[in-house]
Amino acid sequence: MSSPPPPPLASAVGRSVPRREGAAKVTGAARYTDDLVVRDAWFGKTVRSTVPRGRIRSITLDPAFDWTHVVVVTAADIPGDNVVQLIRDDQPVLAPRGGEIRHKEEPILLLAAADRGTLEEAARHIRIEYEVAEPVYALEQATEVFSTVEIGKGEVVEDVEDLKDVEVVERTFRVGLQEQLYIEPQGAIAIPESDGSIKVIGSLQCPYYVHRALKRALKLTDQQAVVIQAETGGGFGGKEEYPSIVAVHAALLARKAGRPVRLIYDRHEDLAATTKRHPGVITHRTAVKKDGTLLSQDIEIVLDGGAYCTLTPVVLSRAAIHAAGAYSCPNVRIRARAVATNTPPNGAFRGFGAPQSLFAAELMVEHVAERLGMSSVDLRRRWMLRLGDTTATGQVLTESVGSELVLDAALKAAPRVGTSARRHVRRGRGLSLVFHGSGFTGSGEKKLQGTIGFEALADGTFRILTASTEIGQGTKTIFCQLAADALGVGLDKIGLAPQDTSLVPDSGPTVASRTAMIVGRLVQEAAAEVKKRLSREKAPFRVEKSYIQPDSIHWDETTYRGDAYPVYAWACTIADVEVDLTTGAVRVTDLVTAVDCGKALHPVMAEGQIEGGCLQAVGWATIEEIKMKDGGYQNDRLATYLIPTALDAPRIRTILVENPYSQGPFGAKGIGELPMDGPAPAIIAAIHDATGVWLDEVPATPEKVLAACASR
Amino acid sequence: MRFTLNGTTISLDVLGTRRLLDVLREDLHLTGTKEGCGEGECGACSVLIDGQVVDSCLVAIGQVEGRDVVTVEGLALPDGRLSRLQQAFIEHGAAQCGICTPGMLLAAQVLIEQSRRLTADDVREGLAGNLCRCTGYTKIIDAVLSCTK
Amino acid sequence: MLHARTVRPEPEALLDLWSLHELKGVRRTGDVLEIAAAEPYTGIIASPDVQQHLPALAAAARTIGAAQIQNRGTLGGNLANASPAGDTLPVLLAYDAVVVTDRRSIAIDEFFTGYRKTALQSDELITAVRFPRGRQVAFRKVGTRAAQAISKIVMAVSRHPGRGGARIAIGSVAEVPLRARRAEAALERNDIEGAIAAVAEDIRPIDDVRSTAAYRRAVTQHVLRELLVRE
């Protein structure tokens, strides 16, 4: 008698299995960049411009100081191109003597020394003189345009004089700067090898972005530049492109010093000098029939890119594509531009333009509803995109449209509204409905051809080789779940290679809500292929899988028409607020959000992404304010740039709705950024519900709320 | 100077004005305690001194003479197994990027050792000095509540 | 510690007072409560004597930072630092506290002499803060967030019917923690509306990274009304 077959392994996908690196994180064993011990390493420091615009007239190293124990790097020491490799070659690695300064905190010099004390002393003995020029701060005065996007569908209603039964609502919205505020500041350690290669270990999201930047500035080959991601304490986009600068700076110092250099930012420098969310102004002119039929949307977007281009064109693109909101409208015109100002460059931050444009789109629904005397929820139900509808770019939504699902789920789950016991506190509720494209825009994924490797090892285990990084969102855990299920083995059989460019191929950056959906799918397919091969071949062997765009996706980059994203994820958020009329302070007490994620590969992690993203949006909407002074941020310490504490955070209730996408692994869609889109407009609507005032901007600070209430 | 660290007596010869945070990380190679801001705002550097949670970036090592210090490295059980609190953090998804986790665990440890029954609001107040950017705090509070009496 | 790292020239040595038990504790002798200078806020909050006799002080201490700061922060520190935003300082003013040093007692009204300046001599040590019994104080802090926030305004109000003298003490609206004298005078005449109007003249708020003068002025009036009505 043969023994009964072992019971089938419980599927890992869909279960909230323990985080792969969880034990290391709760014991303090996880090693972040500054935790790493590197023998003989010196400390590095960046010397930055104190003026927002001008030219460097002179750089003087005080001869009274002993410079023999300090390494100084200037633009003249850059062996390759003095360019931060990204989209446009406009940002220098270091501003040269005689060169242009375009923003405060612009890097000019680098220093390295054996101890921090010497470093600080050396920095105090440098004098830089500038020929200052008149800076441009106001969007209306900006003359340099980084990029423009125009999207058109049908014909927008311009002249309504002859039209009966038509209302035109016009509003202007303002969105503010926001700092990503990863709790681990930026940092990199560069280690020069005797063969001329340079290894950089850092806190980063995109090893291959850094790799390209190192090759360009230090004139290194693919093999000579090695980038390794250390355990990373948060990114949210703030470590998408900025780490290239830190890495190149560290590498230049290490190369000149002939020894490793640690370039770790302190919080003040990180706040003062690194990229922020693009602020901007968005204007809507919406025409509706008096019965609520949506006729046309005419939208103008202006985003402030700061001094250099960085990723601005892509941010603008996403902002424009989402600008009409989650609604079906026959006539849409979107005109978007991003301009340069003499402020530190703005860059990637979760949502990447969509939170900004969706803020405006969602509040327009509220304003139109108010004008018509209708419920904004009813209006959304009438207007929302459904299966088979066409978006502003002419994309027909052929599957996985969760708009009504999430609206119904959120409404059902929202707690009953109470009234406040305190006389001077008013309660209010607001709702928003948003969508967010998963994956790169248009032909982005096709151009990238992200690639992963997958190995079957001789000992019966397997190894995933990917450049996709774990930054807290659960990459490592879900990749192992996908691989385990595709192979039909236990999770303990799956391992991952380090995110080291000398070991793994380029699966693309860890951004754009693409990691689970696009790269995870590659992991799933590679694992399935390995399983098939194992039936006829013995380990060890390796397969590679590259992204192939489905034939069904068509996008025209020149006309901005077609399938902007492979698929969209959907969210409905209901925010409850209390407004204290004594102080104007807004407290978000409860947030309910229903999210159509396609499939929750790991429910706890999916909720975690949603809860965390929602709170970041709550902060953006209420207390995360950045005031500018002479082209620099006044809020440059953690005592003055404020994010929500546990006492400020609302109770957040998440409802996961599974509405599968056929091309996603197990039907999963990307949701990393979506949670950033819904809360802000819902909060503004809630403030109106509580007080009767409309604040068409974020952050809705107490100062603004109080003034608005007073002028009623 | 001498003090107790995670149950063991430590003798050090260091400049008394150095931050406890730096002595832990650089001299004692205990890198579990993190620096998030250096100004007592984020709590990533939290440690316990005589059972109370403090920001180690604001404590001079000289002030620790004769005291009992606990860091995240001292939370696991003597046989190396994770404590109930550490397990709860993993089960509930209370750690994402993990950089706030050591400080958060120590602040939470003080809470769960209290004899009274805690509410969610008590936990929020007790953790208000530990900033987290990843989680929205929801699952951290769930994890801590699961460990209270 | 923060200050020690940035002040120039760097101090040669720091004297640590933390372990001196004489500088710790809450003591009550008859009618008078005395809190030692280095007693941490956690101890002040937990003290049954403080909770019963100085509840506004406990309330103020709870708004300072969070657990980590409350475990190390002290009245002595708050006083010596003399920040106009110090959360406990208006409460001390409202309670008519007395600053006890190694050589004398200084009435709280005379303690703050300018922006971050006190009446202390350069080698004088604060040893305790003494609170006479009897005052009822109402307190409110307005900050950007619920914890870990420097105040936009912070106010403590005390009426002492029949025992002379209203106290309206406000922080973050001038270069020192301020007593709003004109508003107090109106209050002593039982003119509440007059007090609320007058307080706007008493204060000299500024625009800064946290807030604006206009906001501070408006909220000072709102909060004063709230605390007076609550009383």
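In the predicted model, helix 13 (residues 603–622) of chain A packs against helix 14 (residues 679–691) of chain A at an angle of about 50 degrees, with the axes 8 Å apart; axes are lines fitted to C-alpha atoms over the stretch in contact, and angles run from 0 to 180 degrees between N-to-C directions. Helix 13 of chain A is therefore oblique to helix 14 of chain A, given that angles under 35 degrees count as roughly parallel, over 145 as roughly antiparallel, 65 to 115 as roughly perpendicular and the rest as oblique. Helix 13 of chain A contributes Cys614(A), Ala617(A), Val618(A), Trp620(A), Ala621(A) and Thr622(A) to the contact, and helix 14 of chain A contributes Pro679(A), Ala680(A), Ile683(A) and Ile684(A), where contact requires C-beta atoms, placed from the backbone, within 7 Å.

Chain A is divided into domain 1 (22–30 + 444–546) and domain 2 (384–438 + 565–712), with bounds from an automatic or database domain assignment. The centres of these domains of chain A, taken over C-alpha atoms, are separated by 32 Å, and the contact takes 13 residues from domain 1 of chain A and 16 residues from domain 2 of chain A. On the side of domain 1 of chain A that touches domain 2 of chain A, helix 11 (475–487) and helix 12 (515–534) of chain A each supply at least two residues, and helix 12 of chain A gives the most, with five residues. Helices are DSSP runs (H or I, at least four residues), numbered from the N terminus.

Residues are numbered from 1 along each chain as its sequence is written, and chains are lettered from A and ligands numbered from 1 in the order in which they are written. Because the model is predicted, local features need pLDDT of at least 70 and side-chain atom pairs count only at pLDDT 80 or more, whereas totals for chains, interfaces and linings use all residues.

Note on methods
Contact = placed C-beta atoms within 7 Å.
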